[in-house]
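The entries follow the order in which I went through them.

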Amino acid sequence: IAAYAHNAQEEEAFQLFRQMQREGVKPNKVTFITILDACARMETLTEGKVIHAYVVDSGFDSDTVVGNALV
């Protein structure tokens with residue numbers, strides 16, 4: 001995900017993130033930070049809201065670094 005996101009391939013990053021979800025792979029804080037950064041660059045409010053809710057549901061909203069990525 002990071003490789004895609006950092007090489008201006010945000011849509012591919014989202015596709016991989018969605019594949020992880022379908023396969024039951026739980027994201028860690030680095031995954032959330034990376035996908036939130038990709039979301040910000042794509043300016044996708046809807047996707048950002050979905051990921052924000054997922055961060056909260058996963059309990060990562062209390063993590064300082066992830067919280068900063070949400071801002």
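Is Asp 37 buried, partly exposed or exposed? I looked up its relative accessible area and found 33%, so Asp 37 is partly exposed. I note at the outset that the model is predicted.

**Entry 1: the charged pair in α3**

I stayed with Asp 37 and searched for a partner. Arg 41 forms a salt bridge with Asp 37, and the closest N and O atoms are 2.5 Å apart. Both residues sit in helix α3, 4 residues apart, which puts about one helical turn between them. I also checked Arg 41, which at 38% relative accessibility counts as partly exposed.

**Entry 2: other salt bridges**

How many salt bridges does a search of the whole structure find? I got 5. Side chains of opposite charge can pair when their charged atoms come close.

I took Glu 47 and Arg 18 next. Their side chains meet in a salt bridge at 3.0 Å, N to O. Glu 47 belongs to helix α4 and Arg 18 to helix α2 (residues 10-22), so this pair ties together parts that are 29 residues apart in sequence. For Arg 18 I noted a relative accessible area of 26%, which makes this residue partly exposed.

I then looked up Asp 63. Asp 63 forms a salt bridge with Lys 29, with 3.4 Å between the closest N and O atoms. Asp 63 is in the loop between α4 and α5 (64-70), while Lys 29 is in helix α3, so the pair ties together parts that are 34 residues apart in sequence. Asp 63 has 21% relative accessibility and counts as partly exposed. I had to check the cut-off here, because buried means under 20%.

**Entry 3: surroundings of Lys 29**

I kept Lys 29 selected. Lys 29 is partly exposed, with a relative accessible area of 35%. Which residues is Lys 29 in contact with, leaving aside its neighbours within four places in sequence? I listed Phe 60, Asp 63 and Val 66. I also took a C-alpha to C-alpha distance from Lys 29 to Ser 58: the two are 9.8 Å apart in space and 29 residues apart in sequence.

**Entry 4: α3 against α4**

Two packed helices are described by the angle between their axes and the distance between the axes. For helix α3 (residues 29-42) and helix α4 (residues 45-58) I recorded an angle of about 160° and axes 10 Å apart. That angle makes α3 roughly antiparallel to α4. I logged the crossing of α3 and α4 as left-handed.

I went on to the residues that meet. From α3 these are Phe 32, Ile 35, Leu 36 and Cys 39; from α4 they are Glu 47, Gly 48, Ile 51, Tyr 54, Val 55 and Ser 58. Sorted by class, the contact of α3 with α4 has 7 nonpolar, 2 polar and 1 charged residues.

**Entry 5: α2 against α4**

At what angle do the axes of α2 and α4 cross? I recorded roughly 40°, with the axes coming within 13 Å. The two helices are therefore oblique to each other. α2 passes α4 in a left-handed crossing.

On the α2 side I listed Phe 14, Phe 17, Arg 18 and Gln 21, which meet Glu 47, Ile 51 and Tyr 54 in α4. The residues of this contact divide into 4 nonpolar, 1 polar and 2 charged. Glu 47 and Arg 18, in this contact list, are the salt-bridge pair I had already logged.

**Entry 6: two single residues**

I looked up Thr 31, which is found in helix α3. Its relative accessible area is 14%, so Thr 31 is buried. Apart from neighbours within four places in sequence, Thr 31 is in contact with Ile 1, Phe 17 and Met 20.

Last, I checked Ala 8, in the loop between α1 (2-5) and α2. Ala 8 has a positive phi of about 55° although it is not a glycine. At 60% relative accessibility, I put Ala 8 down as exposed.

Methods: Residues are numbered from 1 along each chain as its sequence is written. This is a predicted model: local features need pLDDT of at least 70, side-chain atom pairs count only at pLDDT 80 or more; totals for chains, interfaces and linings use all residues. Side-chain values use heavy atoms; hydrogens and water are left out. Axes are lines fitted to C-alpha atoms, for helices over the stretch in contact, and angles run from 0 to 180 degrees between N-to-C directions. Angles under 35 degrees count as roughly parallel, over 145 as roughly antiparallel, 65 to 115 as roughly perpendicular and the rest as oblique. A crossing is left-handed if the near helix is turned anticlockwise from the far one by less than a right angle, and right-handed if clockwise. Contact means heavy atoms within 4.5 Å. Ala, Val, Leu, Ile, Met, Phe, Trp, Tyr, Cys and Pro count as nonpolar, Asp, Glu, Lys and Arg as charged, and the others, Gly among them, as polar. A salt bridge is a side-chain nitrogen of Lys or Arg within 4 Å of a carboxyl oxygen of Asp or Glu. Buried means under 20% relative accessible area, exposed over 50%, partly exposed in between (1.4 Å probe, protein chains only).
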